[in-house]
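Please look through the structure shown here with an eye to its charged side chains. The report below goes through their pairings one at a time.

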Amino acid sequence: MSNAKLDRRIIEIAAGRAPAERTPTTLQDPAVPESLGAWLATELRRFQPRTVVLWADIATAVLGHVVARELGAQVVYAFADEGVLTLDGTMNAGERVALIGYDWPARLGLDPLVRLVHNSGAVVAAVGSVLAAQHEEVPVVVLDPGVSR
């Protein structure tokens, strides 16, 4: 799917959850991360994450902050610099973490982030994704209603 199609799909999903008077028409509309972030937090609450980890880009950061606010969790950013993956923040050994993103193939992907968090000593309790995603070891919550869960 092209970036324009992915963007439209994200807007459609957000519009389906936003109040009628706040129906978003662009990804820059605050209703997009607000509605999707609150929804992801509701779906992820059963996994009891204390931290949300996300790739450090603007759109994902806003989404992740909404999820963290709703869960009462902290935010930790993941960076990739010249092939070296790092986390900006601290997590305790065994701490339950939710990974948050709109679309995982658009970044380095889900597997490197799962490994990075596991190597830090934390536990990836779940992944929250707006668009379709899957992982062999970690439960994935997908908001896209067009995807079977």
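What follows is a short report on the salt bridges of this model.

## Basis of the report

This is a predicted model, in which local features need pLDDT of at least 70 and side-chain atom pairs count only at pLDDT 80 or more, while totals for chains, interfaces and linings use all residues. Residues are numbered from 1 along each chain as its sequence is written, and side-chain values use heavy atoms, with hydrogens and water left out.

## Salt bridges in the whole structure

Searching the whole structure gives five salt bridges, a salt bridge being a side-chain nitrogen of Lys or Arg within 4 Å of a carboxyl oxygen of Asp or Glu.

## Arg 9 and Asp 144

One of them joins the side chains of Asp 144 and Arg 9, at 2.5 Å from N to O. This pair links distant parts of the chain, 135 residues apart, with Arg 9 in helix 1 (residues 3–17) and Asp 144 in the segment after strand 6 (140–142); helices (H or I, at least four residues) and strands (E, at least two) are DSSP runs, numbered from the N terminus.

Asp 144 is buried, at a relative accessible area of 9%, whereas Arg 9 is partly exposed at 21%; buried means under 20% relative accessible area, exposed over 50%, and partly exposed in between (1.4 Å probe, protein chains only). Arg 9 and Asp 144 also belong, with Glu 12, to a network of salt bridges.

Another salt bridge brings together the side chains of Glu 34 and Arg 69, at 2.9 Å from N to O. Glu 34 lies in helix 2 (residues 31–44) and Arg 69 in helix 3 (residues 58–71), so this pair ties together parts that are 35 residues apart in sequence. Glu 34 is partly exposed, with 34% relative accessibility, and Arg 69 is partly exposed, with a relative accessible area of 48%.

The side chains of Glu 43 and Arg 46 form a salt bridge at 3.8 Å, N to O, and Arg 46 counts as exposed, at 56% relative accessibility.
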